[in-house]
Structure formats: C-alpha cells, structure tokens
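Subject: Structure handover

Hello,

Here is the structure for you to look at. My notes on what was found in it follow below.

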Amino acid sequence: MSAPTKTLQPCIPLPLGEAQLLDLVEKAKDWAIMHGAAMRSKQDFNPDALLFAPFILTPSSFPRKEFLKAVNLQPLLNELIHAVAHDSQFLLSTLSSTEKVDEFTRSLITIYRTVLSEGIAQPVSLGLLRSDLMLETRCDDECSERTRAFNAYCCWKQVEINTIASGFGHLGPSSKYLQSYVLTELGQQEKLVNLPENNALSGLCDAMVEAWKLQARPSAAILFIVEDVTYNICDQRFHEFYIRETYPHVAVIRRTLTQISQTGSLGSRKELLIGGTEVSVVYFRAGYEPGHYHGQSEWDARLLIERSLAIKCPSIQYHLAGTKKVQQALAKPDVLRRFVCDETKIEAIRDIFTGLYSLDQDEGGDEAVQLALADPERFVLKPQREGGGNNVYGADIPVALKAMSNDERSAWILMERIFPPLSTGYMIRPNGPSPPTMVQLVSELGIFGTIIGSKESVLYNKQVGHMLRTKLSSSNEGGVAAGSGALDSPYLID
C-alpha cells in the first residue's frame with residue numbers, strides 16, 4: 001500500500017512513559033474484559049473463556065465536520081437502500097451476470113425468485129445498516145470544492161454499505177467507554193466532550209422491537225440466527241441482553257440455520273414456528289457467507305424464513321441490495337435518479353462514491369482490467385462476499401485477474417483504493433508486546449442506520465450510532481472479528 005502522506009494529530013501527547021503505559025494497559029485490559037469489550041479466541045477456542053478484543057489505547061482523531069456529514073447523510077442512505085431492495089427488476093438485471101458465475105449469489109437469487117413468484121408473504125422489511133467510510137487524502141477533481149475544509153484530508157468516501165449482520169452495535173459504544181476510562185486515568189477528563197454520543201446498541205435493538213410491535217403478536221419471539229460457533233459473542237449477546245432488560249416482555253431465541261432446518265415450520269397463516277415458538281422478527285447474524293450453509297438443509301431453512309410472515313433483517317431483497325455489484329451499479333451516471341428524485345440529495349450521495357468499475361465485458365470490463373493491470377496499487381478487487389478477508393490488493397490483483405475467465409470476472413468489482421490519513425497510537429492485543437510500541441494507524445468509520453417499511457412506504461428511519469475500526473497502516477484488511485483490526489472511537493477535531 002502507498003503510505004498516506006497526511007497525519008492526524010493524536011488527542012493527547014504521545015509517547016507515554018513506560019511505567020505509566022504498563023500500568024494503564026493492565027487496567028484497560030481488565031476494564032475491557034469486565035465490561036464485555038471481549039471475544040472468544042479463534043486460535044484456542046473455549047466457550048467458557050473470553051479474551052479482550054484488540055483495542056486502540058486512546059481515541060483516534062476524526063474531523064468533526066466529516067463525522068457530522070456522515071451522520072446526517074445516513075437516513076438518506078437508508079432510504080436509498082430501501083428503494084433499491086424493493087426494485088426487483090433492478091436487482092435481477094444488475095446481478096444477472098454475477099448470478100451465472102457465483103454460486104452463492106445464484107442461491108440467494110433463486111430464493112428471491114421463488115418468493116417473488118409465490119408472492120412475498122411479509123411486505124415489511126427491517127434494515128439494520130452500517131455505512132463504512134474512510135477519509136481520503138488525495139485532493140483532486142473527484143472531491144467537490146465544499147469538502148476541502150481541512151489540510152489533513154480532502155473528503156470521506158464510502159467503502160461499502162452493509163445490509164446483513166452489521167456488527168459492532170455493542171462493541172462500538174464499548175470502545176468509547178473504554179477509552180473514556182483511559183483518558184480519565186490519564187487526567188484528561190476535559191477531552192471526553194469530544195467523544196460523540198454513541199447509542200448504537202439501543203438504537204439497533206429498539207428498531208428490532210419496533211418491528212416486533214408491528215406484528216402485534218405478544219407471545220412471539222425475536223429470532224437471532226447465529227453461526228455454529230460464535231467468536232464475537234459479546235457483540236451478539238449484548239443485543240439480546242438489552243432487549244431482555246429494556247423490554248422484558250419480548251423473548252429472544254438463538255438458532256443456527258441447521259437447527260432451523262430441523263425444528264422450523266410454517267403455521268396455517270404462514271407464521272414462522274421454531275420448535276413450537278412463534279417468531280415475528282428474524283435477525284440474521286449469520287447467513288452472509290457460503291460457509292454458513294453446509295448443504296441443502298440450510299438453504300431450505302433460509303427459504304422457509306423468507307416464505308414466512310416474520311419481518312426479516314435482512315429480507316432476501318435487502319441482502320441482495322447490499323452486494324458489491326449493486327453498489328457498483330449505483331455509482332453509474334444517472335442510476336441514482338431511478339431511486340432519488342432530489343438533485344441535492346443525488347449530489348450528496350455521489351460525493352461519497354469512490355471509483356467503482358464493472359468487470360463484465362459488456363460494461364467496459366476489459367478497460368477496467370487494463371486500468372488495474374497498469375496501476376494495481378490504485379485499486380482493490382472485491383468479490384460478492386461479506387465478513388472481511390476476501391478482497392485482493394495491489395500486486396496480487398494482476399495475478400488474480402489473469403487467472404480468471406471473462407465470465408468469472410463478473411463475480412467481482414474493481415474499486416479505487418482510498419488512501420486515508422495516518423494516526424499514531426498504541427494497539428493493544430492479546431499476547432501483544434509489553435510494553436506496546438507506538439505504531440502508525442488508519443481508521444474506518446461505520447455509521448449505523450435503521451429503517452422499517454414496505455415498497456409503498458417507510459415507517460421508521462433513523463441514524464442510531466457508529467463504530468470505529470483501526471488497523472496498522474501496513475495492513476490491508478481491518479476486521480476486528482477477522483483478527484486484523486482493533487476497537488477504537490472517534491475523537492472529534494475542528
């Protein structure tokens with residue numbers, strides 16, 4: 001990766017003295033474990049043990065103006081994805097080439113076609129979305145003049161928008177509380193005012209309960225669909241615990257797709273029954289990657305859910321609306337006008353898109369390939385997958401492209417790489433060096449949005465919180481659950 005040339009100043013003077021640093025890190029690790037900023041170990045899995053999640057010791061600086069811009073834009077992005085998800089012609093035509101070569105996408109579309117042909121039983125969808133963005137340091141014609149307020153960056157660009165299993169609703173707020181504790185221990189309480197309020201956990205859970213209320217089935221439960229083995233357990237369980245504490249009359253159950261295939265059925269009204277318990281809202285924390293479907297039984301379970309009266313998060317159409325290919329299509333000239341009428345809103349959305357290119361032959365794919373081969377460090381190659389660790393970067397791009405047939409290319413998109421500013425701090429990881437060393441970092445901000453509605457109307461639309469993931473500037477992937485990034489929170493600067 002070409003190193004960013006701009007640096008954001010840390011929120012406190014660094015480095016810290018060794019004795020102070022060692023004492024602070026020890027206390028911060030304990031705070032993280034005791035407050036649920038933790039995960040299960042992938043390397044040495046034990047269901048009875050937790051490790052603290054990797055974290056940045058002090059919050060990373062983020063321009064206040066750009067943060068507020070992202071927060072204010074989220075409801076509009078919610079509306080955009082909602083409109084896209086309810087345009088079957090657009091979804092099917094956009095994904096037609098990908099469907100031919102990507103088995104996972106084809107399986108999702110098969111379910112979508114099935115429920116469309118039968119008639120969608122539940123017209124209302126629940127979207128718990130997360131728009132991920134990074135600051136861009138390259139000031140060129142792609143950034144509008146009004147975004148160039150700071151020398152340290154030009155504007156922020158959207159990395160992607162997540163429509164399924166949009167995690168860190170708990171760990172995002174936890175990062176703020178952990179770093180607030182650290183700043184207080186350092187005698188820097190006056191800095192806390194610059195850590196923005198973060199109600200991601202309550203906001204996401206409240207939206208689930210709002211969807212539950214719409215069903216008017218007091219004995220029905222909210223179903224969390226989970227992996228066979230859950231490593232990011234705190235982030236999931238705290239959603240469940242919040243609902244139980246705040247809404248004690250609302251039951252939450254957890255099942256895998258395999259368990260649903262064994263105990264799930266539809267009642268006479270197409271209500272979803274799991275072992276005799278009616279489910280009125282389904283929240284997918286699994287189901288976004290091929291490994292979650294061990295065979296036809298799990299796919300049958302997904303179809304059973306889609307055929308039911310339960311409100312899905314996401315519904316199959318929302319899942320498809322979050323694919324990389326759809327994101328790339330939305331960046332084409334004039335496509336936004338299909339979904340957004342207001343020119344000011346169209347400009348605001350376009351402003352956040354980085355360069356996105358189709359690799360389909362009939363959509364300029366050959367030209368895109370040549371761009372990537374000529375300057376691979378400028379791009380990222382992305383498949384239709386969620387969960388992190390799937391992208392191809394830099395020098396690996398030519399090798400990957402040359403190994404693909406023209407048809408296989410349709411399962412990928414090409415995205416211009418974002419070069420964010422650097423920050424400096426301490427990354428604290430389980431079994432990391434003691435004392436930790438100062439490292440150069442880059443960050444990715446996620447803004448959470450919630451939306452409930454049908455094709456005809458939007459009933460509920462809010463921005464509800466945020467999360468910040470930070471990684472070593474030398475690292476390509478940044479997922480905390482995937483083992484590459486660390487928990488962080490934004491420290492707003494003017």
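In helix α5, the buried residues are Phe104, Thr105, Leu108, Ile109, Ile111, Tyr112, Thr114 and Val115; buried means under 20% relative accessible area, exposed over 50%, and partly exposed in between (1.4 Å probe, protein chains only). The cover over these buried residues includes α2 (64-85), α3 (88-94), α4 (96-101), α10 (296-306) and α11 (316-321), where contact means heavy atoms within 4.5 Å. An α-helix has 3.6 residues a turn, so residues three or four places apart point the same way. Helix α5 itself covers residues 103-118, 16 residues, and reaches 23 Å from its first C-alpha to its last, close to the 22 Å expected at 1.5 Å a residue; the expected span is 1.5 Å times one less than the number of residues.

Some background on the model. This is a predicted model, in which local features need pLDDT of at least 70 and side-chain atom pairs count only at pLDDT 80 or more, while totals for chains, interfaces and linings use all residues. Residues are numbered from 1 along each chain as its sequence is written, and side-chain values use heavy atoms, with hydrogens and water left out.

The chain as a whole: the protein chain has 15 helices and 21 strands, which are DSSP runs numbered from the N terminus (helices H or I, at least four residues; strands E, at least two). Of its 494 residues, 59% count as buried. A compact globule with 494 residues would have a radius of gyration near 23 Å, and the 22 Å of the protein chain agrees with that; the radius is taken over C-alpha atoms, and the globule rule is 2.2 Å times the number of residues to the power 0.38. Along the principal axes, the C-alpha atoms fill a box of roughly 70 × 55 × 45 Å. Among contacts with a separation of 6 or more, 75% are between residues 24 or more positions apart.

Finally, leucine 257 is found in helix α9 (residues 257-263). Leucine 257 is buried, with a relative accessible area of 3%. Not counting residues up to four places away in sequence, leucine 257 touches several residues, including Ile225, Val226, His292 and Tyr293.

Regards
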